[in-house]
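Open the model in your viewer and keep the sequence panel beside it. The stops below can be selected one after another.

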Amino acid sequence: MRKLVQGIVDFRKGRRPDYAETFARLALRQKPDALYIACSDSRVQANVFASTEPGDLFVVRNPGNLVSPAGPDGKSISDESEAAAIEFALDVLEVRDIIVCGHSGCGAMAALAAGRENVRWPHLRSWLRHGDAAAERLRHGEGDPERTPQDRLSQLNVLLQLEHLRSYEPVRRRAPGLHPWWFEIATAEVHAWDAGLGRFRAIDDDHAAQILQRMKR
Ligand SMILES: [Zn+2]
């Protein structure tokens with residue numbers, strides 16, 4: 001905490017004046033570009049790896065970047081906070097894109113890969129069930145063979161959570177762009193799903209151009 005409190009003091013003295021105009025504008029309204037659903041992991045920071053600024057992203061973070069699926073009525077079967085964020089982002093803020101961002105070395109995915117029944121903590125054990133289908137796919141040999149089982153699962157999980165998102169009524173109605181991202185911590189490289197290759201690959205200049213081209217259509 002000491003570092004955080006000192007950080008506030010430093011921000012007040014140093015960078016706050018630079019942000020004066022930005023926050024004066026943001027005080028009137030927010031118009032974020034995307035809903036960003038990521039793992040709670042302290043290392044997955046879009047403001048660093050995607051150069052985001054205040055006002056850019058509407059954020060939901062939870063262990064394992066999971067989305068509890070919706071039932072046939074398009075409403076969440078379990079977690080209301082995330083469902084509320086999806087409704088608010090799409091219907092009030094009118095964001096047109098949703099990103100689900102997993103990452104390498106994910107503790108939630110390690111727990112899931114090791115068998116959810118072995119998780120000691122009741123809420124975590126229950127919450128991770130929204131990744132069960134990805135663990136099942138891992139057991140059936142799916143995923144990038146060049147990755148560790150934990151990271152393979154993490155990538156399969158990102159794709160699964162997009163399926164869960166599609167089960168929500170506002171997502172079906174608004175049809176936002178859905179973006180599977182995966183952050184590799186050791187290289188600080190953001191990967192996106194390449195449907196043509198059937199695997200995640202780094203968003204370099206070429207891949208970024210392809211992604212942007214697809215979004216124009
Ligand atoms: Zn994680």
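Predicted model: local features only at pLDDT ≥ 70, side-chain atom pairs only at ≥ 80, totals over all residues.

Residues are numbered from 1 along each chain as its sequence is written.

Start with Leu35, Tyr36, Ile37 and Cys101. Of the 47 residues in the largest nonpolar core, these touch the most other members. Such a core is a set of buried Ala, Val, Leu, Ile, Met, Phe, Trp, Tyr and Cys residues joined through C-beta atoms within 7 Å. Buried means 20 or more other C-beta atoms within 10 Å of the residue's own, exposed means 12 or fewer, and C-beta atoms are placed from the backbone.

Next, select strand S1 (residues 34-39), which gives the most to this core, with 6 residues. Strands are DSSP runs of E of at least two residues, helices are runs of H or I of at least four, and both are numbered from the N terminus.

Move to strands S3 (residues 97-103) and S4 (residues 177-184), which run parallel and are joined by 7 bridges. Strands pair if DSSP finds at least two bridges between them. Isoleucine 99 has histidine 179 in S4 as its bridge partner.

Glutamate 184 stands opposite glutamate 189 in S5. The hairpin of S4 and S5 has 4 residues between the strands, and alanine 188 in the turn has a positive phi of about 55 degrees.

Finally, select arginine 120, in the loop between helix H5 (107-113) and helix H6 (122-127). Arginine 120 is exposed, because 7 other C-beta atoms lie within 10 Å.
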